[in-house]
Amino acid sequence: MERGSRIYVAGHLGLVGSAIHRRLRELGYENLILRSEKELDLMRQDKVERFFDKESPEYVFLAAAKVGGVLANSTFPAEFIYNNLAIQTNIIHSSYLYKVKKLLFLGSSCIYPRECPQPMKEGYLLSGYLEQTNEPYAIAKIAGIKMCQSYNRQYGTCFISVMPTNLYGPNDNFNLETSHVLPALIRKFHEAKIESRNEVEVWGTGTPKREFLYVDDLADACVYLMNNYNDSEIVNIGVGKDLTILDLAKLVARVVGFEGAIKLDPSKPDGTLVKRLDVSKLTELGWQAGTPIEEGISQTYKWYLDNYLSRQDRS
Ligand code: GFB
């Protein structure tokens, strides 16, 4: 990408898109194309095609998606499969029609089989059954990968796909019903601290393990790969280390300053028991994550206090 290239960040108000937007600005890319959901409904093919025709983006970061935690995935499976298939199909196909030079598609570590050997290498894709709680979302993301690869093969496009591990950071969703675990824990511990409650409920058995990547690190990796990677094969983006949900809860409680007890609620779903990415390919490509988890949680908690709590529309 040149400093003046026309770069479209789809989903620039979300967790991932806003971080990519921040990173591109920091690096001096000045010709960014941005549209809110209100301005452009990415689920409408005609509108997306008209937008590409008019704006002629040269580079596309496809960070627009319907996302959510383990409970949201199992409660709204139709929305997770339909919205994601529609958004990514419209953007990928328009990128082909309107001759985008390069597109970066964002998948997820949940595309790998539920019983995948650990750590999960890129080559394990489609080698076994998926985790039930998020199968519709994973199928949509796998379709996105296959679409990018097929267009590269048949039409000679340059569409790359990256698979981030569990993400967190500024602009995350802090709604307790639909969010991922890390923002949920920040909010739960903060509210318990403010209300002087002595117990916080953590879903599941506390034993599943997760790997967490600070979203600004992900954005840095995405820009790096946009500039340095041209292959159809997917690339994992993670830190290569994981921890149990109970240990994560203790860590978040410490950062937030909650000193009470943690109560596990095994009636809530655990999801996959373990999903740690093998990041050796990314390391060989010359990129490594830089933010230690404790620092990332502190930054996110600060963002929650300074931004989320002051917003009128929080739920
Ligand atoms: O982050 P999370 O919702 O998604 O849950 P997944 C991770 C683990 O944290 C699960 C536990 O074992 C949850 O039971 N957990 C504990 C909590 N307390 C809470 C809480 O208050 N809220 C939430 N949300 N979880 C998602 C997939 O799976 O990961 C998506 O459903 C996507 O498709 C995303 O791939 C990255 O890591 O289980």
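This is a predicted model: local features need pLDDT of at least 70, side-chain atom pairs count only at pLDDT 80 or more; totals for chains, interfaces and linings use all residues.
Residues are numbered from 1 along each chain as its sequence is written, and side-chain values use heavy atoms, without hydrogens and water. Local features need pLDDT of at least 70 and side-chain atom pairs count only at pLDDT 80 or more, whereas totals for chains, interfaces and linings use all residues.

**Helix α2**

Helices (DSSP runs of H or I, at least four residues) and strands (E, at least two) are numbered from the N terminus. Helix α2 spans residues 45-55, and its buried residues (under 20% relative accessible area, 1.4 Å probe, protein chains only) are Val 48, Phe 51, Phe 52 and Glu 55. These residues lie on the same side of α2 because they cover an arc of only 95° around the axis, taken from the directions from the helix axis to the C-beta atoms. Arg 50 and Lys 54, on the other side, are exposed (over 50%). The buried residues pack against β1, β2, β3 and α4, contact meaning heavy atoms within 4.5 Å. Just after α2, Ser 56 has a positive phi of about 40°.

**Nonpolar cores**

A nonpolar core is a set of buried Ala, Val, Leu, Ile, Met, Phe, Trp, Tyr and Cys residues joined through side-chain atoms within 4.5 Å.

| Core | Size | Residues named |
|---|---|---|
| Largest core | 38 residues | Most contacts inside it: Tyr 8, Leu 42, Ile 91 and Tyr 112 |
| Another core | 33 residues | Among them Met 1, Leu 104, Leu 225 and Trp 287 |

Beyond its neighbours within four places in sequence, Leu 42 contacts residues including Tyr 8, Val 48, Ala 86 and Ile 91.
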